[in-house]
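Hello,

Please open it first, and then read my notes with it on the screen.

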Amino acid sequence: MQTKKGFVIILAALAGFVVLGILFTIMQYNSIQSLNLEVDNAWSKVETVYQERFDLIPRIVQSVVAQTEAETEILKNLADARARYLSARNTDEKVAASADFDNAISTVFPIVLQENYPNIKFAEAFKDFRTTYEGQENRVRVERNRYNDAVTEYNKVIKTFPGNFFASLFGFKERKLFEAAAGTEKAPDLDFKIN
Amino acid sequence: MHFRTFLMLFLFFSVSFAQNYPQSIGYVNDYADIIGEGYEVELNTLISAFEKNTTVEIAVLTVNSLDGLDIETYAVEIYKEWGIGQKNENNGVLILVALNDQKMRIEVGYGLEGVLTDIHTKDIIDNIIKPKFKEEKYGEGIYNAVLAIKQIIETGGYEPSLVAKQDDGLDIFDIIGGLFIVIFSLPFLLFLLPFVLPLVLFAILEIYVGNLFISATIAFLPFIFFMKFTNIGRSISKWQGGLFNTSGGWSDTSGSWSGGYSGGSWSSSGSSWGGFGGGMSGGGGASGSW
C-alpha cells in the first residue's frame, strides 16, 4: 500500500513536470520567435526609409542643380546608385549602394558654392533640399538604431540561459547588428550658410 | 567574439540605463518654465479641442538641458516614451525646446509625415518660432507654431483612418484576448514550481530514505543552486521578494527600467491626465536653433 502510494506520487510529480516542461518550451519558443520577428520588422522599416530616401532625394536634388553644368552627371550618379540599390541581393550591397548615393549627393554642395546663385528661388530650393535630406538621414538613423536595439535584445536572449538552450534546439541563429559602411556613418556636413 | 559579447552587454546596459526622461503631465510640459501661465492655458484649450476633432495629439515639452544628447535623439526617445498620437494612427506632434542649448525640434509621428512634411516643420521653426524666441516670447512662439501645425493638418485634408472607434461592448476579440491573458499568465504558475517541486521531492525522499537531513539536502540543494546561479532562477527569486537571493550583485535591468517609470506620477498629478495615446515617430520633422 505504502509503495503504491509513493509510486503514484512520483508518477504524478513526473507527469506534472513533463507538462510544465512542455509549456515552458512553448513559451520559450514563442518569446524567441517574437523577438526574431521584431528584428525582421525593424529591418523592413530600415528598408522602407532607405527606399523613401532613394525616391525622394533625386527629385529634390533636381530642383537644386537644375541648369547647372553638372546637372546631368549628378542625376545620373543618383539614378545609378538607386538602380544598384534596387538590384542589390544582400544587405552589404544595399549598404554599398547607399554609400554611393551619399557620395553623389556630396557632389551637389561644391556646385552650390561654386555657382553661388544670387536668386531667392534657388536659396529656397536649396533650403528645402537640405531640410529633406537631413530629415531622411534622421529617419534612417532612427530606424537603424531601433533595428540594432531589436537585434541586441534578441541576441541577448538566445545567448543567455535558458534561451541559449532553446535557441540551439530550434535553430535560432545570432543576428547581425547593422553597421554603416566605412565612411558613411556621418552624413555630409550641410552646415554652411548660403544667403 | 569576446569583444562582441562585451559590446552587446554594453549596448544593453547603455540602452537600459540611458536616461531619466521627464514625464508627461499634460499636453504642455513646461519644465523650463518659459511659456507663461496665460499661454499654457490657451495651448491646453487649443490642443485638447484639436484632439477632440481629429484625434491628433500635440505635445509641448520645454527643458533646460538635453543632458548631452543631440536634440534629434532626445526628441525621438521622448516621443517613444510618451507615445504621442493614437496607437494605430501615430498621429502626434512633439514640439521640443531646449532652453540652454537654444535648440528646438518639431518631431512628427509616422501617421502625419505625409501631411506635415519636414519642409513644413522647418518653415514653422524658421519663420514662426525663431523670430519670437529671439525676443524671448517663448509662449507666443509655441502658440503660433501649434496654430500653424493645426492649420496645415486641417487644410492638408488629414483624416485618421479609424476615427475614434466606438466601444461596442464585448465581441469575439475580447474573448480571444481573455484567453490570451489566461495562457500568458501561465508563466506565473511556473514561479511556484521551485517551491512546490522540492517539497514534493522532499516528501517522497522522506518516505523512502527516512533520513531528514539527506532528504532535505537532495531535495533542496539543486533548487537553491538553480535559484542562485541561473538567470531565470535569479529573476524568480527577485520576483518573489529575494527569498533565495543572498548576494546583491544581480541587477535586474528590466526591473529597474519599469521601476523608473512606474513612479505613480500619472495618478499623482491630480488632474485627469491619462497620458498620450501610444503613437510612434520615426525621426520625421525638423530641428533648428535661435
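This is a predicted model: local features need pLDDT of at least 70, side-chain atom pairs count only at pLDDT 80 or more; totals for chains, interfaces and linings use all residues.

Residues are numbered from 1 along each chain as its sequence is written, chains are lettered from A in the order in which they are written, and side-chain values use heavy atoms, with hydrogens and water left out.

Let me start with the interface. Chain A brings 36 residues into contact with 38 residues of chain B (contact means heavy atoms within 4.5 Å). About 3100 Å² is buried between the two chains, and carbon and sulfur atoms give 64% of that area (buried area is the accessible area, with a 1.4 Å probe, that two parts lose on being put together, summed over both).

Five salt bridges are found across this interface (a side-chain nitrogen of Lys or Arg within 4 Å of a carboxyl oxygen of Asp or Glu). One to look up is the salt bridge between Arg139(A) and Glu113(B), at 3.3 Å from N to O.

On the chain A side, helix H1 (2–65) and helix H5 (120–159) each supply at least two of the residues that touch chain B (helices are DSSP runs of H or I with at least four residues, strands are runs of E with at least two, and both are numbered from the N terminus). H5(A) gives the largest share, 17 residues.

Thr132(A) sits in helix H5 of chain A. Is Thr132(A) buried or exposed? Thr132(A) is buried, at a relative accessible area of 4% (buried is under 20%, exposed over 50%, and partly exposed in between, with a 1.4 Å probe and protein chains only). Beyond residues up to four places away in sequence, Thr132(A) touches Leu56(A), Ile57(A) and Ile60(A), as well as Asp118(B) and Ile119(B).

Now for the cores. The largest nonpolar core has 55 residues, and those touching the most other members include Ile58(B), Leu94(B) and Ile149(B) (a core is a set of buried Ala, Val, Leu, Ile, Met, Phe, Trp, Tyr and Cys residues joined through side-chain atoms within 4.5 Å). H5(B) gives the most to this core, nine residues. Leaving aside neighbours within four places in sequence, Leu94(B) has contacts that include Ala59(B), Trp82(B) and Ile106(B). There is also a second, separate core of 44 residues, with Ile57(A) and Val61(A) among them.

Enjoy exploring!
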